Amino acid sequence: MVNLVELGSRVKTARKERGYTLDELAKRADLGKGMLSKVENFRVTPSLPTIIKIAAALEIPLEKLFKGLDQKTVTNVVKK
């Protein structure tokens, strides 16, 4: 299972690093602004073609968006 929170964060960080607004990236990726916003805020599970469009619009390798997303996070529970 892919960590959607991390994926959305990576997309948002990459967009901001390039100085793109949400609208600019949506146009570059040929996606709706609302859809891109939902991806960035992990409200939707994007399809692979959508992720490919986003990566291409950001000019970053697809692997960079996915690297490590399938790793499980470790959660420690400490009882009082």
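Is glutamate 40 buried or exposed, at 4% relative accessibility? Good morning, colleagues; I shall begin with that residue.

Glutamate 40 counts as buried, because its relative accessibility is 4%; buried means under 20% relative accessible area, exposed over 50%, and partly exposed in between, with a 1.4 Å probe and protein chains only. Before I continue, please note that this is a predicted model, in which local features need pLDDT of at least 70 and side-chain atom pairs count only at pLDDT 80 or more, while totals for chains, interfaces and linings use all residues. Residues are numbered from 1 along each chain as its sequence is written, and side-chain values use heavy atoms, with hydrogens and water left out.

Glutamate 40 lies in helix α3; helices here are DSSP runs of H or I with at least four residues, strands are runs of E with at least two, and both are numbered from the N terminus. The side chain of glutamate 40 makes a polar contact with the side chain of arginine 15, at 2.6 Å. A polar contact is a pair of N or O atoms within 3.5 Å; within protein, one must be able to donate a hydrogen and the other to accept it, and residues adjacent in sequence count only if both atoms are side-chain atoms. Leaving aside neighbours within four places in sequence, glutamate 40 is in contact (heavy atoms within 4.5 Å) with Gly8, Ser9, Val11, Lys12, Arg15 and Leu22.

I turn now to helix α4. In this helix, residues 48-58, the buried residues are Thr50, Ile51, Ile54, Ala55, Ala57 and Leu58. Seen down the axis of α4, these fall within an arc of 165°, so they line one face of the helix; the arc is that of the directions from the helix axis to the C-beta atoms. Pro49 and Ala56, on the other side of α4, are exposed. The cover over the buried residues includes α1 (4-17), α2 (22-29), α3 (33-40) and α5 (62-66).

The largest nonpolar core has 19 residues, of which Val11, Leu25, Leu36, Ile54, Leu58, Ile60 and Leu65 touch the most other members. Such a core is a set of buried Ala, Val, Leu, Ile, Met, Phe, Trp, Tyr and Cys residues joined through side-chain atoms within 4.5 Å. Helix α4 gives the most to this core, with 5 residues.

Finally, two backbone details. Phenylalanine 42, in the loop between α3 and α4, has a positive phi of about 45° although it is not a glycine. Just after α4, glutamate 59 takes a positive phi of about 55°.
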